[in-house]
Amino acid sequence: MNKSKIILIGNNKNLLDLICFSLQTNFRFEVIKFTNIVDLIEYMGENDDFCLIISDYALGEKQFSNTLKTFVDKKAKVPFFALGVPKKFKEKNENRDSISEFIGKTNLLEDLNIAVKKYFQVDENETPKDFCEVSFSVLTAFDGLETDLFIELPTGRYLKIYRTEDEITEEDVTKYQNKGVEDLFLHKKVSSWLLKTINKDIENIVTKIESNQEVKLEVEPPMPNIKDLKNVDEAKSEEEVIEKIEEAKEEEKKFEEINQKVDQLFKFDKKMEKEVSDKVSKTLKAVKKVPSLAKLLKKLNVSRNPDDYCKQHVNLLCKICTAICHVMEWRQEATIEKLVFVSYLHDITLSDHPHLARLQTKEDFEKVKDSLSAKEQALFLNHPEQIKELVDKMQETPADASTIILQHHENCAGTGFPYGHSSNRLLPLTAVFIIAHDLVNYIINEPNWNIKDFTLIASERYSGSNFNKVIRKLKDLKI
Ligand SMILES: [Fe+2]
Ligand SMILES: [Fe+2]
């Protein structure tokens, strides 16, 4: 499991919010906040998914010692940072050696950053997040702050809920919270800019927060200029916000239902799921070593939304290719690895052009040809060969993967492209991939899909022994 969570415990919610704001602005960790030790003990008893614990001594000596003891007893091999610990505790406590870093409060946020960097390497390949979580307490500390504010939809896209000129009220925020949207987000550039102001007077701010005094900060113009936001929707009214939240929930539900039905159909279990995710990580690692591909992959990695064909498509394709290998009893690791690799890469040069990635056959292409530019037409027609060339240059490409990519738009009758090869010239795994790909499209487009109907269509569409074998096995599946 990916350990990317930070546990943060303290007695002052506003201080935790501030620390969280700084961590989120500077890193990609998820932060889980606790204001009491009972919840923390319960969480630590059930979970191992954290990579760091940060505990504030202001909890009181007893509670702080208990937190530390819980951590020691858990034997989690992760660092423990202690904030604002007095000298006498450092000298006496029996578990003091288990504390990895002591961080004072005079320059709290920046010292905390330095400590985090000491223990965690920032992965340069990781796409930086454009948005940063911000709590209401941090936001309202700034007088005269005029900025766009966002929420994260269940699909992972962001929705602009306030424009610069709007006034933000706590009441509105609660309204969205009731719809299951908990957090507000700022653009990363804005949060970094605000953080600079905070850090200039951090000692004073922490003292005020800890003594429950109101913090009032002045923004320091110029505010960063943000344009060309990707992955963002906009809502013009409150009703529209609610509507978009509902829509996104619906979309997410639909995708979950598809996945559940596929799981049931193929008896897709936890072990197979792990198999897929292991192979996906391996593929991504290999791809990230090639800068030109890594760049394309980032484009593919935008979050799902109704128009976001590529990502849904790839996720489902990895799953269905693996599932078909299992029903074919081709369970060798290398086979699954190959197909997951192909699933990720087969249309990678089209990741910025989902309308092209949707086209499957030459007929599909002919229908829309006139609406495409010459560049788009060439991009589409040449993508199998272009991608083959790209992956052939990679050191870790699984054997035959580039051939399957080259052949993924061929078709049994010889009417496909680029070569118009008929089925006897296609690899057995190309047959699996072509059918899996077809099945994925069918499932996404057909709300009442069932495998029986698909095998009927497929029997008509495909011929040749490699294709027939796969279809025969699909016919045996019962839901
Ligand atoms: Fe393609
Ligand atoms: Fe595709």
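Student: To begin, what percentage of the residues in the protein chain is buried?
Tutor: Please bear in mind that this is a predicted model. Buried residues account for 50% of the 479 residues in the protein chain.

Student: And what does the secondary structure come to?
Tutor: The protein chain has 21 helices and 12 strands. Its C-alpha atoms fill a box of roughly 80 × 50 × 40 Å along the principal axes.

Student: Into which domains is the chain divided?
Tutor: Domain 1 covers residues 5-241, and domain 2 covers residues 267-476. The C-alpha centres of domain 1 and domain 2 lie 41 Å apart.

Student: How much of the contact set comes from residues 24 or more positions apart?
Tutor: Such pairs account for 72% of the contacts with a separation of 6 or more in the protein chain.

Student: What about the surface: how much of it belongs to carbon and sulfur atoms?
Tutor: The accessible surface comes to about 24500 Å², and carbon and sulfur atoms hold 47% of that area.

Student: How many charged side chains are there, positive and negative?
Tutor: There are 70 positive and 81 negative side chains, and the centres of the two sets lie 6 Å apart.

Student: Let us turn to single residues. Is Glu 101 buried or exposed?
Tutor: Glu 101 counts as buried because its relative accessible area is 14%, under the 20% cut-off. Glu 101 belongs to strand β5, which spans residues 101-103.

Student: Which side chain does the Glu 101 side chain make a polar contact with?
Tutor: The partner is the side chain of Lys 118, at 2.7 Å. Leaving out residues up to four places away in sequence, Glu 101 touches Phe 80, Phe 81, Ala 82, Ala 115, Lys 118 and Tyr 119.

Student: Why does Glu 220 count as partly exposed?
Tutor: Glu 220 counts as partly exposed because its relative accessibility is 33%, which is between the cut-offs of 20% and 50%. Glu 220 and Val 314 are 94 residues apart along the chain, and their C-alpha atoms are separated by 44 Å.

Student: Which phi value does Asn 212 have?
Tutor: Asn 212 has a positive phi of about 55°, although it is not a glycine. Asn 212 is in the loop between α9 (202-210) and β11, and at 69% relative accessibility Asn 212 counts as exposed.

Student: What about the phi of Glu 329?
Tutor: Glu 329 also is not a glycine, and its phi is positive at about 60°. Glu 329 lies in the loop between α13 (309-327) and α14 (333-345). With a relative accessible area of 55%, Glu 329 is exposed.

Student: One more loop, please. Where is Asp 183 found?
Tutor: Asp 183 is in the loop between α7 (170-177) and β10 (184-187). Asp 183 is partly exposed, at 32% relative accessibility. Apart from neighbours within four places in sequence, Asp 183 is in contact with Glu 133, Phe 150 and Ile 151.

Student: Finally, how far is the C-alpha atom of Asn 450 from that of Val 262?
Tutor: The two C-alpha atoms are separated by 9.8 Å, and the residues are 188 apart along the chain. Asn 450 lies in the loop between α19 and α20 (451-461). A polar atom of the Asn 450 side chain lies 2.9 Å from the backbone nitrogen of Asp 453. Asn 450 is partly exposed, with a relative accessible area of 28%.

Key
Residues numbered from 1 in each chain as written. Chains lettered and ligands numbered in written order. Heavy atoms only, no water. Helix = DSSP H or I, 4+ residues; strand = E, 2+ residues; numbered from the N terminus. Buried < 20%, exposed > 50% of the residue type's maximum accessible area, 1.4 Å probe, protein only. Contact = heavy atoms within 4.5 Å. Areas by Shrake-Rupley, 256 points an atom, 1.4 Å probe, with all protein chains shown as cover. Lys, Arg positive; Asp, Glu negative; His and termini not counted. Charge placed at Lys NZ, Arg CZ, Asp CG, Glu CD. Polar contact = N/O pair within 3.5 Å; in protein donor to acceptor, adjacent residues only side chain to side chain. Domains from an automatic or database assignment.
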